[in-house]
Amino acid sequence: MAPSSPRLLVAVVAALLHAAAAVAAGNGGPLTRYDRVFSFGDSLTDTGNALHLSATAGGPASRPPYGETFFRRPTGRSSDGRLVIDFLVEALGVPHPTPYLAGKTAADFRRGVNFAFGGATALDLHFFESRGLMSFVPVSLRNQTVWFNDVVRRVGAEPEQRKSMATSVFLVGEIGVNDYFIGLNENRTVGEVHTFVPHVVSAIRSVITDVIAAGASTVVVPGMIPLGCEPQLLTLYRGSVDAAGYDRGSGCIRSLNGLAELHNRELRRVLGGLRRAHPGTTIVYADLYRAVTDIIVSPREYGFGHRPLDACCGGGGGAYNYDDAAFCGAARAAACADPSEYVSWDGVHYTDAANRLIACSVLDGSHSHGADAMTLSNSSATMEDWLHRIGCVV
């Protein structure tokens with residue numbers, strides 16, 4: 001697989017350096033090193049929590065061929081290998097955070113904690129029930145916030161808590177995909193699902209507010225992925241969308257990507273308000289949407305094959321290689337010979353190769369503008385080191 005494009009270089013790393021420099025300046029000392037990562041989200045970030053809940057323990061990510069590329073075994077990650085969060089912690093040189101449900105003692109949580117849960121929604125079950133919908137799993141951002149508060153209490157007295165939070169990176173998202181999937185899979189119109197967006201973004205805002213109140217100094221908030229490029233949804237809508245409903249450059253469904261873009265506009269608006277309310281906290285918007293669509297529009301430029309909308313692992317054959325009845329890990333499904341040529345691993349989640357490039361793009365800054373743009377801080381050598389650790393080209 002080809003290395004990252006030279007355009008994929010510096011934004012979240014630059015933001016982290018900027019935040020670290022600010023902390024250092026306040027303390028009158030050298031550049032601060034981050035010690036750990038705390039993360040919230042769904043299966044795009046879950047590194048094992050879903051394996052520890054009986055209702056989800058036997059899910060696809062618990063079976064081969066998940067994990068085959070990097071870990072050589074299933075780890076609960078919804079990929080053939082690493083997730084974006086894995087590349088982020090490798091770049092920073094911090095420990096991989098402990099999945100919350102795998103932790104047993106306070107020591108397990110001092111290295112950082114991952115609260116993300118496969119299938120999790122931003123919104124609570126009540127929201128979906130009030131609209132006649134059923135949630136996939138009984139875990140939402142509210143549950144993850146309860147878990148976070150439990151971890152904070154275990155860290156120690158308040159001064160130690162705040163010091164720990166200030167020297168950590170908080171990753172809040174990606175989340176919201178499952179909220180929208182629930183409505184779309186139940187044949188609700190895209191217009192009706194648009195009404196979910198303010199509620200989803202409000203739930204994300206609540207988590208950000210909570211971690212800032214606990215002492216967080218750096219919060220990275222990934223936006224929504226391009227829903228209209230997901231093989232699962234492309235298969236669901238096949239035959240019901242006319243030719244004009246597809247983007248000519250990418251082959252993705254315009255209306256579904258419009259939903260993702262609406263989410264991202266609302267999220268960026270809310271983040272702007274949070275920055276004004278908390279000027280001492282660095283709040284970074286990570287543009288996953290553009291990171292993914294860039295790869296899909298120009299796959300060969302990034303080292304991928306010529307069918308960027310196909311799932312590597314599945315039993316669907318034909319267009320997109322996706323079938324709900326033969327999902328990756330099922331008896332009738334099989335993985336492709338070389339996952340590094342594919343963007344989508346199983347029709348819903350990304351391959352190790354795609355996650356690496358998404359992480360490189362998150363570290364870039366070429367997609368950040370205005371209030372979202374971050375300038376490079378005081379150590380380009382450190383920045384280059386972080387980028388080289390995960391194979392980004394500098």
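Colleague: Which residues lie nearest the centre of the largest pocket?
Modeller: Ser-43, Pro-60, Gly-118, Gly-119 and His-349 do, out of 28 lining residues. On a 1 Å grid over the protein atoms alone, a pocket is an open set of points with protein on both sides within 12 Å along at least five of seven lines, and a lining residue has an atom within 4 Å of a point. The model is predicted, so local features need pLDDT of at least 70 and side-chain atom pairs pLDDT 80 or more, while totals for chains, interfaces and linings use all residues. Residues are numbered from 1 along each chain as its sequence is written, and side-chain values use heavy atoms, without hydrogens and water.

Colleague: What residue types make up the lining of that pocket?
Modeller: The lining of the largest pocket has 13 nonpolar residues (Ala, Val, Leu, Ile, Met, Phe, Trp, Tyr, Cys and Pro), three charged (Asp, Glu, Lys and Arg) and 12 polar (the others, Gly among them).

Colleague: And what lines the second largest pocket?
Modeller: Its lining includes Ala-122, Phe-127, Arg-142, His-199 and Asp-210. By type, the lining of the second largest pocket splits into six nonpolar, three polar and three charged residues.

Key. On a 1 Å grid over the protein atoms alone, a cavity is a set of points where a 1.4 Å probe fits but cannot get out, and a pocket is an open set with protein on both sides within 12 Å along at least five of seven lines; lining residues have an atom within 4 Å of a point.
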